[in-house]
Amino acid sequence: MDSFVIEGGTRLRGTIRINGSKNAALPIMSAALLANGPCNLQDVPTLSDIQHQMTLLRELGCTVDRQPDGHVKLEVTDEKNSHARYDLVRKMRASICVLGPLLAKRKYARVSMPGGCAIGDRPVDIHLRGLEALGAVIDLDGGDIIARADKLVGTEIFLGGNFGSTVLGTANVMSAATLAQGTTIIESAACEPEVVDLANFLIAMGAKITGHGSPRITIEGVKELHGANHQVIPDRIEAGTFMVASAITNGEVHLQNVRLDHLMAATDKLRAIGVIVEKDNGGATIASIRRLEATSITTQPHPGFPTDLQAQFMALLSIADGNSVITEKIYPDRFLHVAELSRLGAQLHKEGSTVIIHGVKRLIGAPVMASDLRASAALVLAGMAAKGTTTVMRVYHIDRGYEKIELRLNSLGANITRKAQTELEL
Ligand code: EPU
């Protein structure tokens with residue numbers, strides 16, 4: 001298990017290109033299971049989650065050819081195996097997004113029920129409710145979801161839940177509905193840019209979808225879908241993380257391949273606390289020249305503030321001037337970073353799903369433990385701002401969602417070394 005040794009206190013400066021979005025690529029790759037013919041995807045990031053998805057798709061009879069430049073070619077050549085095994089699903093919860101495509105195309109899917117994870121329970125009841133509304137019969141057997149349908153029939157489906165809309169639930173139901181008979185209307189659909197990107201890919205495959213990006217998506221079923229080419233959108237969470245990296249180090253970083261229109265809530269908060277965010281040709285510059293101010297943040301479904309940037313902003317606000325408040329409305333338990341940031345000297349007080357942050361002037365380096373993907377990113381950010389040395393252990397979490405993050409941050413002036421860590425040291 002690798003760890004990062006971070007020498008804090010350097011300002012980040014320079015230019016970095018944002019990679020294609022992990023959370024867009026995963027459901028898009030799954031949607032290739034719907035196509036008769038090859039699909040070519042550009043800008044698929046090199047991440048362990050993507051690697052798991054490629055392994056899963058190979059098991060499901062898809063040939064997968066990946067080029068070093070981020071081009072991935074997918075083509076289904078054998079539809080016999082429709083079983084996503086627990087061994088693969090437990091490594092990556094997002095494997096659930098093969099459920100809708102398998103069911104619609106092969107009339108049968110067996111997908112291991114994803115368990116909870118470090119950020120909470122993460123049920124899939126709404127995915128199943130949506131597929132049942134389309135006519136699927138769903139059973140549970142040996143920890144697997146078994147979905148069957150001789151044919152799917154379009155209908156009106158409400159996909160809202162106690163925590164708002166569901167991103168992968170919308171992806172599953174929308175993908176399945178493309179091959180259903182008649183018209184499906186999804187109400188309370190997720191509006192995230194990743195859902196829009198998936199819809200655009202499905203449309204390129206011949207699907208008839210309108211309203212994507214709004215809470216009401218309409219899908220007119222078609223008989224079949226063909227292969228298509230698609231460029232994956234830039235990763236808004238990677239971009240947001242680099243924005244915080246620039247702000248927390250009082251740096252000046254230019255991001256290429258960034259969509260600020262996907263980052264309105266985060267950009268608004270950065271500007272509110274004193275960070276300069278300037279849009280320019282195909283990119284944006286993020287700079288900070290003074291101590292930042294406190295603010296309050298509540299995570300919400302898009303276009304609200306993204307839960308996937310909550311931990312990174314907590315790191316940033318822990319050195320802002322004054323008291324900030326962060327409330328988590330998507331995953332009320334997504335606070336494993338609180339105890340670790342406190343080890344670096346952050347003054348954090350958690351009350352239920354709210355954390356009050358009393359900004360300190362400086363964080364002090366210490367050994368800390370990564371717990372999930374975004375919490376790990378927050379610890380790296382805090383470590384770059386801290387005085388002295390911070391060791392972030394178990395960085396395999398960060399490798400799931402950020403490609404070579406230490407090298408990319410080092411190219412901007414950070415001082416991060418990856419060390420292979422023995423069990424004894426843990
Ligand atoms: N929910 C239910 N029932 C369901 C589905 C969701 O109650 O059937 C609840 C969840 O427990 C949560 C809320 O609804 O409280 C929203 O969950 P959602 O389904 O939208 O999450 P997801 O689709 O499983 C994706 C991202 C997450 C991101 C969330 C929210 C991917 C692969 N994952 O998950 O990304 O946090 O949307 O925006 O797209 C990450 O990248 O670090 C990450 C966790």
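The following legends describe close-up views of a predicted model.

**View 1. The residue shell around the ligand.** The ligand is surrounded by 23 residues. The closest of these are D125, T166, D308, I330 and R374. Sorted by class, the shell comprises 11 nonpolar, seven charged and five polar residues.

View 2. The backbone of I126 places an N or O atom 2.8 Å from an oxygen atom of the ligand. A side-chain N or O atom of R122 lies 3.2 Å from a ligand oxygen atom, and a polar backbone atom of P123 is 3.3 Å from an oxygen atom of the ligand. The protein buries 91% of the 830 Å² that the ligand exposes when taken alone.

**View 3. Helices and domains contributing to the ligand shell.** At least two shell residues come from each of α1 (22-31), α5 (125-133), α6 (167-177) and α12 (373-385). Helix α5 makes the greatest contribution, with three residues. Both domain 1 (2-19 + 234-420) and domain 2 (22-231) provide at least three residues each to the shell.

**View 4. A four-stranded open sheet.** The strands follow the order β11-β12-β14-β13, with mixed pairing. Strands β11 (156-158) and β13 (208-210) form the edges, each pairing on one side only. From one strand to the next, the twist averages 15°.

**View 5. The pairing of β11 with β12.** Strand β11 runs parallel to β12 (residues 183-187), and three bridges join the two strands. E187 in β12 is the bridge partner of F158.

Conventions. Residues numbered from 1 in each chain as written. Predicted model: local features only at pLDDT ≥ 70, side-chain atom pairs only at ≥ 80, totals over all residues. Heavy atoms only, no water. Near = heavy atom within 4 Å. Polar contact = N/O pair within 3.5 Å; in protein donor to acceptor, adjacent residues only side chain to side chain. Areas by Shrake-Rupley, 256 points an atom, 1.4 Å probe, with all protein chains shown as cover. Nonpolar A, V, L, I, M, F, W, Y, C, P; charged D, E, K, R; others polar. Domains from an automatic or database assignment. Pairing = 2+ DSSP bridges. Axes fitted to C-alpha atoms, helices over the stretch in contact; angles between N-to-C directions.
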